[in-house]
Structures are given as structure tokens and as C-alpha cells.
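Here is a short report on how one protein model is held together.

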Amino acid sequence: MIVEAPGSRACAQLPLRFDEQLVMDGFTYSCGIATADLDGDGDLDITSADALPNNDLYWFENDGQGRFQKHFIQKDDPERLERHAIGDVDKDGHLDVVIVKNLVGDLLWFRNSGKPADGKLWKRHVINSKKIPGAYDVALGDYDGDGDLDVAASTWRLGNNFVWFENDGTPADGQWKMRLIDQLTTETRMIRAADIDGDKDLDLVGTARQAPLVVWYENTKNDAQIEWKKHVIDDTSPQPLHGQIVDMDADGDLDLVMSLGMTFTGNPSTEQVVWYENDGQPARGAWKKHLIADGYTGSFEACAADMDGDKDVDVVATAWGKDGKVAWFENTGEPRKNWKQHTLKTDWAMANAVQIADLDGDGRPDIVAGAERGANEVRWWRNAGPREALEIWSRRQLFLDDHIIARTDGLQRTMHQPVKRGAVIKPDQEWETSLQTRSSPAWDAERKRFKLWLITSTNIPGLAGTSYAESKDGVHWTKPALRQTKINGSLENNFLAVVPGDTWPKNGIENVVLDPDDPDPDRRYKGFYGVIGRRPMVSPDGIRWTLLETSVLPSSDESNMSYDRANKTFIATLKRGGPFGRSHRIWTSRDFTEWSDTGVLFHADEQDQQLAKKNIEARLSNPKLQQPVKNVPADYNADIYNFGVFRYEGLYIGMPAVYHATGKLKVNTDGFHLIQLACSRDLKKWTRLGDRQPFIGPSPVGPNVFDRTQLLPPSAPVERGDELWFYYTGIKYRASPENADEKAGAVCLAVLRRDGFISLDAGEADGSLITRPFLLSGEKLIVNVNV
């Protein structure tokens, strides 16, 4: 029975935990912060200006985990490098920095060469020299619609106006043409760009602190020239400063969150964090103001994002002054009222600029802020998620482990085996004797077919390697002629040849995955070459391969590999020695070129040895099963022959092929495999499941039955609607008996109901389960129960 319950927002109101970390101290005047991926490595870096007397501009290189290394963009450039913005000014594919020089009235841009960490200062270009005294804030945008980034600026109390500078497509060739937006007399501060009226061009929003005035300028074109039409948002609230344009009420138009403050009057109504509601007709008059917090003394800058993952917009704000602070304000579901304040740092003198960005790549928005002549530093706060509740969002929750379970009464776990569909890829060519796989079928969305790579044995002396098969439905497979290898004088076969002339075991391809996220189409398929050692290689189609110039991973003759798409991580399990024999080392990579050993060796233990004796005895007593040729109790042993690992619904599921040795042969041993289950949350600590009973076990002897003795797992199942399809290797024998079939190995299919690995079942009496507190997304909670 499926039970649906309305989603409860109450379960999402547990407080977040933020871990405070220092980026850099020792500033002389920290003023201005921005975040962007300056070095193109996939994570967000930080920029910060250090005004008088240092007059420097820094960028802090992120290692992907939120650890930062300082580099200089500019040194000793007086007076007052301050607020700035980041964008590709010259359209060379690299992000540049546009910055004000406050007191002298300059506007500059620094060109990112594409190698920002090479130790060189960035090339300095002048947009404007001394024409906007008090240059204070900048906003980048293509205001004239010609395809390049222009710059808008405010000019503080020395200039008291808003201006914009046109990028004519040659931004490095001299100063830019300046045009006036509006002349005011009252300390212009913030300038931001967005399409406020939804007419597909960029408008501007600005503040004038002393007026007081919050205003937006409608971008209108007249004979190819821009005219800025002024509209007042608020001209009564005291001292507006800095904010962000964002859709606060999820109605599809852009609102404005704002800090009102720096009055230090002690009057709560003059020190506020607010937001202004765009009702869809932004030019009709003043916007309605909604209070987020009052009495927020020194309120300086506000920004917004969904901090707690509950699908609404929260707010972060700094407060300036000797008692400066940083806080985040929780949107409890109705943004027009009932905000909840959470203070992150107090007594942080002169806190000013603040931004929200995911600095550690965990999918949660973090906070970075600076404090000027007081604390003189930049810090960031890592959003570590709820203090007590689990984040499950929309992921299905499985009962493989106790991760989400607080308590159970009267319940026990039951493992469910997939239903076998038999062999689907058989050795049907005259030269094929055995087909195996250690991969999972990859779906080619363009060609609308599955692809699979087969470890292939033949009856031709010296011929073994990897071949290739395709299928439109996953059941009926074809073996296209690849024309890469000669067999019996003909190229009309499906054998792959990565390096012509290589033979087994050098030419083996055990593992292939599809990486649909790689921006380079020639690297969409990734695999390992070689059966002793694994050399990474890439391909546009899984057929034509290029070996990478990188280190060979250490492995003997078994391995497995999968792609954890959620974490953009490749996971390889490589055969090594262990305490009871075959074991598997777990390695990972983010780019498929550089690999790291996790230090984890998945191996058999003493309990496996005890179970092995029972499993061997049970097999020997079952006449329906293929019997081993050798049976020597003194040789009984269990080890991990292969180990498939894949990510599924927030955890890692492992499929160890536990090999049961029954007796020694002249070379190696006789025996059989049982595919079991294990799970982990971190790839390090593993839990064996189902009392170590077979998840996929042997089939009884019969015509066209291949999975009798040797069973090897795929890298991952294929999700087909509400089913998981497991393509595993089935081999009739380990040591061949007399009159053994020549056609011995095939790829078999077993199908499991989606999520159906483990259930919690009650006996005759009722059972109950209580979960830990959790956070979820969506409007309803679905529980799968049979009552």
C-alpha cells in the first residue's frame, strides 16, 4: 500500500549548522568581495580588495573543499580599490575583474589571462580616469544589447550620480565612453542590474543613502540610444544601502531585498532588513515594503538564497559598526511575515560586504563576508546543514542500513533477490566460447540503444580480448562488425582493438562507463585498458579509444568501475591481495585522469570463512546444482573475487562476488561464486547485508543455463522505469568436467523491483518504525507499506 501524507513545513525548521573559517586576516581595509570560478576548475574562488594603505586586490584560489590560497591580482594601486564585480569583459572565455578606485574616481578592469595562478599580476586596463570622483559600486551587464559587458557605477557622496560606460567590443583599447544615468545630490551607493519589468533588457536598481531613495531605472531605447526612465521604489525609509535583486515570493518577477541602516539612532525602525515586493507592475508606483527584521543596528548589506533547502528564499545580512555582526534570516514559509533570525557572528567590528555562494561544492549555499577597519579580515561560514535532521530532499530512503532509522520494534530485515531472465548475450559466433562483462550497459541517447563491452574467450589459439554488443531494448542484442580485428582472415566481427597488435591480457577492456557530463564529446566514454594494471582511456562512442597519458592504476586481473554522477566521481575497485586472498582496493577520481587511493581494502573476514564451509556443504548436497570437480575440505576458503560498487538514492551499494574455493588445481583452484550485497555512506565503512546470503545465486543445471558456477557482478544496474536490471556474468564451470560444453559463459539478466533490495517485515505481531528527524522537499511524503 502507498500512503501519501501532506508535506509538513514544520519538519524543515531545525536550525542549520554553520562552521566559521578564516580566509585571511591582516587586511588594512577590507572592502569588496566577489565569488566566481576564476581558474576554471569547477569551484568558486573569492576576490577581495584591500584598500588604504595596502591598495591591493587579491584572489583566493579554492581547492574544491573550501581551503583557499592567496594570489595577487594587483599590488600598490592607490587610492582605495574597493567594491568590484566579475565577468568576461573581453569575451576570451576567462572571467575578469572590474573595480572602482574610490577617492581618485577611477574605474579599472583587470584581465584574466587564463592562468590566474601563474604568479603574475593581471593586466590593468583603465575604463575611466578621474571622471567619477567617489567611485563606489559597479554592476556588469549588456545594457545596449550588443553582446558584450558594459559597466554601470555609483559615485558615493563625492559624485552623487549614476553613470554607465559602454563597451564597444574593444575594451582594452583606451577609455570607455561614459553616459549619465541620473544626477542626484545624496550619496549614491548600491547599483545592481536585472530585468525588472520583464521586457528582455537589463534595468538598473540603485540606492541613495542620504536622500533617502531606492530607485530603479527602466532601460528604454530611442534611436539606438538608451534612455533611463526613473521609477521610485521607496523614498521614505531611512538610509538604504546594499541589497540584492531576487524573486522573494516565487511569483515570477524580481523583488528587492535591502539593508536600511547605519543610523545608530537606537530606533529599531531605522535599522532594518526589508524586502520590496514587485507586484508585476513595477513602474506603477512605490513598491510595498515587508519587514524581515528591525533593530538590526548598522544594517549594511543583504543578500538572499535558499539557505535551508526548503524551497523558499532566506536572507543573510551584515551589520556595520563597532558591534558588527552577520546573521541569516529564515523564511518560515510566508515571506511577508514571521522571519526568524539566526546570528552567526557578533562583535565583528565594521562588517560590510557579504555574498552567498557554494564554496565547498556540497550543494548547500555558504556565506562569505568581510570586515573593514576593525576586524580587518575575510571569513566564510560553511553551511553544514541541519544540526539534527537528515537532508533527504526528494531522495528515496532505503532500509539497507539504520541511517534514517531511530528505532524499530518487532521488525526484521528481509533481502529480496532479483528475478532471473536468463542469458541475453550468448556465445553464438562459431569462434566464441565464453562471454563475460564487468560493465553495465550504457544508454546512447542519440542512437537510442544500449552499449555493452564483453570479455571474450575464443576457440582460436591466442585470440582473446574484448568485443562489443548493442541493443534497442536491453534483451535482444546484436554484435556489429567493427572491422578492427581479423578473425579467420575477416574483419567482419565485433572485436575491439585499442592498440592494434596487442594480445591478451594486454588488450583487455574490463570496465567502461558513460560520462554524459563531460563537456568534451571525445571523452564521453571512459574505460580501463589492460587486465594487469589499468590504464585510463577515453572515447566518443565506446568503439574508438584514446589512451590517456597518465599513471597506470595497480590491479591484477579483476576490477570494476562506476560513475557517481551526483558527486561527479569515478569509483574503481581494483583487485589486490588481502588477509584471506583476493580483495579490492577502492580508488576514486573527479576527472578520470588523476586517481586517489581511498585507503579502503574490501576483503573477506573470519565470518566469511565460517559461512563458506556451510555454503559449500549446502551446494554439495544439492544435486540440481553444478558440482565442483575438486572437493578438498582443507582447501576451503572465501575471498572477494570482484566488487561492483554504485551510488543509488544517496548511498553506495556494493555487490561482492564471494568466491568459495573447494579444492586446489594445478593452477588456481576450483570453486564457485555467490554475489552478495553491502552498503556504505562514504565508501569507507561498509555494512554487509542480508546475513551475507546470496543476492544472486546459481541456477540449477539445465539447457542454455549459464549461471551455474561463476557469477560476477556488473558495475551497476540499469534503471528501467520501476525496475532495476542487473547484467551479470554467468559461467557454467570453474574447472571443466568431462564432456564440458564449449559454449560456457554468457551475460545474464536479473530484474529487481526498484528499491526492492531490503524490506522491514513484521511477524505475527505488529511492528513499528520511528525515523530520525529529516528534511524533505516537495508537497507530499509517500510511504510504501503493506498493512
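## The largest nonpolar core

The largest nonpolar core has 27 residues. Among its members, L400, I653, L677, F695, F726 and F757 touch the most others. This is a predicted model.

Which elements give two or more residues to this core? They are β47 (637–648), β48 (651–664), β54 (723–731) and β55 (745–753). The largest share comes from β55, with 4 residues.

Two domains contribute. Domain 2 (390–415 + 762–782) gives residues to this core, and domain 3 (419–756) does too, so the core lies between them. The background is general: in soluble globular proteins, nonpolar side chains tend to be buried together.

Charged pairs come next. Side chains of opposite charge can pair when their charged atoms come close. The structure holds 59 salt bridges.

One of them joins D77 and R124, with N to O at 2.7 Å. Where do the two residues lie? D77 sits in the loop between β6 (68–74) and β7 (81–87), while R124 belongs to strand β10 (residues 123–128). The pair therefore ties together parts that are 47 residues apart in sequence.

R124 has 34%, so it is partly exposed.

## Salt bridges: R83 and D137

The side chains of R83 and D137 also meet in a salt bridge. Here the N to O distance is 3.4 Å. R83 is part of strand β7, and D137 is part of strand β11 (residues 137–141). This pair thus ties together parts that are 54 residues apart in sequence. Both R83 and D137 are buried.

## Salt bridges: R379 and E377

R379 forms a salt bridge with E377. Their closest N and O atoms are 2.7 Å apart. R379 counts as buried because its relative accessibility is 17%, and the limit is under 20%. E377 is buried as well, with a relative accessible area of 9%.

## A charged network

Some salt bridges share partners. Which residues do they join into one network? The members are R396, E649, E719, R754 and D755.

Conventions: Residues numbered from 1 in each chain as written. Predicted model: local features only at pLDDT ≥ 70, side-chain atom pairs only at ≥ 80, totals over all residues. Heavy atoms only, no water. Core = buried A, V, L, I, M, F, W, Y, C linked by side-chain atoms within 4.5 Å. Buried < 20%, exposed > 50% of the residue type's maximum accessible area, 1.4 Å probe, protein only. Domains from an automatic or database assignment. Salt bridge = Lys/Arg side-chain N within 4 Å of Asp/Glu carboxyl O.
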